[in-house]
Amino acid sequence: MAGRSLYQKVWDTHEVRRLASGQSQLFIDLHLIHEVTSPQAFGMLRELGLKVAMPHRTFATVDHIVPTDARDEPFADPLAQAMIEELRKNTREHGIELFDVGSGRQGIVHVVGPEQGLTQPGFTIVCGDSHTSTHGAFGAIAFGIGTTQVRDVLATQTVAMPRLKVRRINVNGELKPGVSAKDVILHIIRTLGVKGGQGYAYEYGGAVIDNMTMEERMTVCNMSIEGGARIGYVNPDETTFAFLKGRPYAPAEDEWEEAVAHWRSLASDPDAEYDDVVEIDGSQIAPYVTWGINPGQAISIEENVPDPAKVPAEEAALVEEALDYMKLRPGQPIKGQKIDVAFIGSCTNGRLSDLRQAARVVQAVGDKVAAGVRALVVPGSEQVARQAEAEGLDKVFRDAGFEWRYAGCSMCLAMNPDKLVGDEISISSSNRNFKGRQGSPQGRTLLASPAMVAAAALAGEVVDVREILGVEA
Amino acid sequence: MEAIKQVRGRAVVIPGDEIDTDRIIPARYLKAVTFDGLGEALFYDERYDEAGNPKDHPLNRPERQGASVMVVGAGFGSGSSREHAPQAIKRAGFEAIIGESFAEIFFGNATQIGLVCVTLDPEDLGVLAEWVEANPEGEVEVDLEAREVRFGGRVAPLAIREAAREALVSGRWDPLAELMEAIDEIKNIDATRPGPGKRGGYRSLA
């Protein structure tokens, strides 16, 4: 018998039964909730007269709507205040643990889960947020769900889900200096397309992934959904176990060895069969920047923006639409593109190592944020903020003219007051460059790694971070 | 919960590929604790300028008012998992979306609230879109039992994930009641599985 992938093993152990439709009823080990996609679910429970079945498997935090410039309540936005109050009420009423603002544990839900040790290998994890795929970095099967499914999990600790195919993506070789995990995932999305992952779970492997830290793996898995894959994961290994050891919700000391033995057994078998296998040469990846209105519209810093006249006919309309919206010239270099705003943060790149990399660039340049550029650093969680401050990173940023903020999703999706204005163009370490994504219907977004964002903030334009760090391309 | 076997109605074409959920419903409309009123915010930034004046958008055209079938391109509903997107479409009066392909989470969310999403091959979809543009009064019929889309005397075979089709035609598209049937078994799994901050469960699995 052929070996099984981690996806198959985890699915098989969590399938309660097959539903009449043919979908699986899947047991959920960990359910994460936040203020935006859960209130309607609690409302539905109330209407049906149901209780939360297993409150010990649901954890809440507040991230999307929280202001990051000040924490005084009531918030300036009464709608935001109403949402946080609703989450407090719902979690209190149903006995769910809430990592509230000021608790020291609040933050973006996908930063908080791993840092608290809630996220563990072999878990099924859901959240009403598409970037739940982040948790796959630990060898969890983690995916975003809608609010009606949030209701289903609250009521039954299960969801109805179709079983996906599995595509193994080997990122081989070694990354060049100055190339980050963000560049790897942007390269994968560009290669396979934004729809390439539909119907698939992505299993990332190969030497480049093996050598990544957990935070880098989280960046890769985070953007699986941008490639159309609802799930992306990495097999658990020593790096995973070392990260988890001692975290508040990780297995206790006396259970640790058993947990690790179990986790090891879940990794894909060497002879596992995949529905598809893709090989990527890691040494060919350069720092990336997006130029368009979906994350697949990305080019390396060395390339020029495409010309609709020179792309395949079926792509021309989308390229034209993107260039028109972005106000970029066909064939122009992306290097040298002026920027108005620089945003460092989000569930993709708002962790301590991301802030360290950005700060390293700031220190290497020894300059200030360019005149006329608004630059924000928003830590992914209160814990990340605390650690960064202990290392003096906040001072590095502040001294250079960046704003140092409180934790939240902030300008990734601009549900709080952090927004682009008019047709401002931002370079952003977040995950989506959709039209209007950063809060202005005409706002424009260039996605890049935190180091590239920091470098652009100082230069006032898109630059090659490798030149700044003095590494060879 | 009613069985959804056929949807029939006038249609509107929303042109373009990769229409993401931020476009379908901008994030600022997610600042609410209910789904009420989302229908009016559907495609807001594409339909209205910043002063709130209507732009030339298919959904604003008088002849498309009351349409219940939406015709879209490829990769519709990409991005965020916000159920607000299909909720807004449904609350604006739509019962079915016909496209080339749908993003995974959007498709699942739509199906669970009884909003039918089916795909046609690109050629048939092009013919349908052209016909709808030329025939604002014409009705399009999505037949999940016969697995076909009918319009203006034409018939095109539709595709949909079989589990979703089965759930819709059998009236089980909202799975909650079916999920709850297994609650005793679920409680057993909860008791034996490890969990965050929960002691026990690893030894039995190791």
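Analyst: The domain bounds used here come from an automatic or database domain assignment. For chain A that assignment gives domain 1 (6-276) and domain 2 (287-469). The model is predicted, so to speak of it with care, local features need pLDDT of at least 70 and side-chain atom pairs count only at pLDDT 80 or more, while totals for chains, interfaces and linings use all residues. Residues are numbered from 1 along each chain as its sequence is written, and chains are lettered from A and ligands numbered from 1 in the order in which they are written.

The two domains of chain A come first. Taken over C-alpha atoms, the centres of domain 1 of chain A and domain 2 of chain A are 25 Å apart. Their contact takes 40 residues from domain 1 and 37 residues from domain 2, two residues being in contact if their C-beta atoms, placed from the backbone, lie within 7 Å. On the domain 1 side, helix H4 (109-116), helix H6 (181-192) and helix H8 (214-222) of chain A are the elements that give two or more residues. Helices (H or I, at least four residues) and strands (E, at least two) are DSSP runs, numbered from the N terminus. H6(A) supplies the largest share of that side, 6 residues. By class the domain 1 side divides into 14 nonpolar, 15 polar and 11 charged residues; Ala, Val, Leu, Ile, Met, Phe, Trp, Tyr, Cys and Pro count as nonpolar, Asp, Glu, Lys and Arg as charged, and the others, Gly among them, as polar.

Next is the contact between the chains. It takes 69 residues from chain A and 61 residues from chain B. Several elements of chain A each supply at least two residues to its side, including strand S1 (15-18), helix H2 (39-48), helix H3 (78-94), helix H5 (147-156), helix H10 (256-266) and helix H11 (313-326). The largest share, 7 residues, comes from H5(A). The side of chain A that touches chain B has 30 nonpolar, 24 polar and 15 charged residues.

Ala259(A), Val260(A), His262(A), Trp263(A) and Leu266(A) are buried in it; a residue is buried if 20 or more other C-beta atoms lie within 10 Å of its own, exposed if 12 or fewer, and partly exposed in between, with C-beta atoms placed from the backbone. These residues lie on the same side of H10(A) because they cover an arc of only 160° around the axis. The arc is that of the directions from the helix axis to the C-beta atoms. The buried residues of H10(A) pack against helix H1 (6-14) and helix H9 (238-244) of chain A, and also against helix H9 (202-205) of chain B.

The cores are as follows. A nonpolar core is a set of buried Ala, Val, Leu, Ile, Met, Phe, Trp, Tyr and Cys residues joined through C-beta atoms within 7 Å. The largest one has 161 residues, and among those that touch the most other members are Val289(A), Ala342(A), Val453(A) and Ala457(A). Helix H16 (residues 450-459) of chain A gives the most to this core, with 8 residues. Not counting residues up to four places away in sequence, Ala342(A) touches Val373(A), Ala375(A), Ser426(A), Ile427(A), Val453(A), Ala456(A) and Ala457(A). Another core, of 52 residues, lies apart from the largest one and includes Ile4(B), Ile19(B), Leu42(B) and Val69(B).

In chain B, Phe76(B) sits in the loop between strand S2 (69-71) and helix H3 (84-91). Phe76(B) counts as buried because it has 28 C-beta neighbours inside 10 Å. The C-alpha atoms of Phe76(B) and Ile19(B) are separated by 5.0 Å, although the two are 57 residues apart along the chain. Leaving aside neighbours within four places in sequence, Phe76(B) is in contact with Ile19(B), Ile97(B), Gly99(B), Phe102(B), Ala103(B) and Phe106(B). Of the 206 residues of chain B, 47% count as buried.

Lys327(A), in the loop between H11 and strand S15 (341-344) of chain A, has a positive phi of about 55° although it is not a glycine. Lys327(A) counts as exposed because it has 10 C-beta neighbours inside 10 Å. Ser346(A), in helix H12 (residues 346-349) of chain A, also has a positive phi, near 90°, in a residue other than glycine. With 30 C-beta neighbours inside 10 Å, Ser346(A) counts as buried.
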